Amino acid sequence: MELIVEDAVFVTMEAGAGPAESMLIRDDRIAAIGPAETVHAAADGADVVRLGGATVLPGLIDAHCHVADVGYLAAAADCGQPSAPGIAAIQARLRDAAGRTPEGSWVTGSGYAEYKLREGRHPTRADLDEAVPDRPAVVYHTSLHACVLNTAALREAGFADGQPDPPGGAFGRDDQGRLDGVVYEAPMFALFEGNLRRDMARMGAAAGVRFVQTAGRRMASLGLTSACDADMRRDSFGAFAEADAGGVLSQRIYGLVVHDQVDWLLGAGLKGRHSGRLATEAVKIWADGGMSSRTAAIHGSYPVPPHGSGILYFERDELTEMVRSFDARGFQVCIHAQGDRAIEAVLDAYAATLPRGAGNPRRHRIEHAGAMYPPLAGRAAALGIVVASQPGFLSALGDGFAAAFPDSRDDLYSFASWQRAGITVAGSSDAPVVSPDPRIGIRDAILRRTGDGRVLGPAECLPARDALAMYTTRAAYACHRENEIGSLAPGKSADFVVLGGNPLETEPEQIPGIEVLATVVGGTPAYQSGEMFPGR
Ligand SMILES: [Zn+2]
């Protein structure tokens with residue numbers, strides 16, 4: 001099957017490539033791209049699709065998101081700001097949700113940030129009890145590092161007043177020391193996982209596939225052709241594998257397998273590439289908490305609640321041992337680390353593992369790296385560590401970061417400095433923490449403007465081409481796929497996106513408004529707004 005795409009502006013992101021007027025797709029690959037005569041000469045009676053001056057980019061890649069969770073939370077009540085400006089609005093959304101939540105499932109909302117709520121605080125169990133008095137209800141914080149439970153949910157989770165904080169986590173408490181319903185970190189993850197698994201099990205195997213499909217369709221409509229799933233487990237792997245077998249996987253999924261699932265993965269013989277669309281070659285470890293939940297492990301302490309200096313999940317030696325053992329078994333290691341104290345521990349573990357002078361052949365990564373200040377960035381660069389980070393946090397969560405890091409806020413997510421130090425920085429969303437829309441991430445990497453309009457770290461703004469590289473060539477590198485995806489070049493997969501405008505020539509503020517006209521994965525449209533590729 002052959003197809004020529006032309007009458008378009010091609011942004012190839014291929015270093016050293018000349019300007020292109022035309023692109024030939026043969027089966028699932030790019031066969032030729034360049035001047036029209038050359039491309040037509042290489043074709044053999046191909047159909048021609050004229051794009052009317054639209055822009056063609058390499059398919060966009062999200063180097064860190066939670067695909068199954070995006071699908072799961074798509075069904076929850078929207079408690080995000082500005083759509084739910086205050087606690088009364090959250091209560092109303094929960095009342096609505098209670099009406100359509102089947103018996104046996106918790107009434108679920110998601111997406112709030114307490115510092116964006118009119119009240120400037122977390123909702124409490126009492127607030128949730130007013131809306132849902134008689135059955136468990138939960139509202140997840142936008143960071144997915146905290147949540148609020150009503151009284152019935154606290155009871156069902158086995159959390160009681162007077163109970164000490166659990167390992168790796170904390171409970172919010174009122175003036176009398178009673179649980180106020182807010183749960184941070186480890187017990188929150190356990191709750192989320194438990195609810196997700198229970199709802200998946202209750203809804204049957206098809207539900208997992210549905211979550212993956214819902215998320216994939218949404219992501220395809222945003223121009224995404226590949227994604228790293230940063231939370232792959234036995235059951236979500238099953239859902240991806242089934243979706244892949246059924247031909248309904250919209251993206252190429254590069255799985256970061258949760259560290260405690262690795263024995264299962266190896267035992268089942270499932271490490272590696274399963275198809276052109278599904279691979280499990282990397283491991284995910286969490287070193288600390290989140291920035292906007294103020295649980296990232298930092299030196300010093302937070303000036304805002306819940307105060308403290310964050311949560312470190314593993315002792316240095318333990319972390320080093322894990323990295324060594326996964327490295328020895330051939331995995332790329334990807335470690336969530338946000339606070340400077342956690343990043344230091346991770347760099348120590350990598351330094352102890354990587355053979356001196358041999359670089360970082362498995363491309364071990366740091367995920368997020370929010371507070372990777374200059375000396376730490378220098379160490380990461382010297383070790384060849386790859387970073388997967390989230391420009392889109394700046395507009396969605398940046399004001400919360402500024403409050404939690406008043407002295408170092410201009411040094412957070414310092415993309416330009418990292419790049420100058422020589423670090424490969426891949427772009428990603430961490431969805432459903434924030435929107436999976438890569439156009440927002442590209443804009444934020446350029447402008448660094450928070451919700452309130454301040455610019456966090458003006459010296460760290462990237463040129464548009466570098467912002468786009470984060471979501472194409474550099475994200476491809478972060479997944480060991482730079483020879484297959486990330487740019488438009490002969491021999492690469494025919495993964496591309498057709499846009500209504502060229503992000504390199506658009507006012508950065510307007511980039512999220514550029515229309516996605518089509519998203520093509522391996523020569524097949526995963527999304528198209530019209531009939532651009534008829535019969536495909
Ligand atoms: Zn994540």
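Colleague: Which residues coordinate the zinc ion?

Modeller: A donor here is an N, O or S atom within 2.8 Å of the metal (3.2 Å for Na, K and Ca), and sites may look incomplete because water is not among the atoms. In this case the zinc ion is held by H64 (NE2), H66 (NE2) and D430 (OD), at 2.1 Å. Keep in mind that this is a predicted model: local features need pLDDT of at least 70, side-chain atom pairs count only at pLDDT 80 or more, and totals for chains, interfaces and linings use all residues. Residues are numbered from 1 along each chain as its sequence is written, and side-chain values use heavy atoms, with hydrogens and water left out.

Colleague: How are the donor residues of the zinc ion spaced in sequence?

Modeller: The pattern is H-x1-H-x363-D. Helices (H or I, at least four residues) and strands (E, at least two) are DSSP runs numbered from the N terminus.

Colleague: Is H64 buried or exposed?

Modeller: Buried means under 20% relative accessible area, exposed over 50%, partly exposed in between (1.4 Å probe, protein chains only). H64 is buried, as is D430.

Colleague: Now strand β9: which residues cover its faces?

Modeller: In β9 (residues 146-149), A146 and V148 are buried on one side, C147 and L149 on the other.

Colleague: And which strand pairs with β9 over three bridges?

Modeller: Two strands pair if DSSP finds at least two bridges between them. β8 (residues 137-141) runs antiparallel to β9 over three bridges, with V138 opposite L149. β11 (residues 179-185) also pairs with β9 in the antiparallel sense, over three bridges, and V148 faces V182 there.
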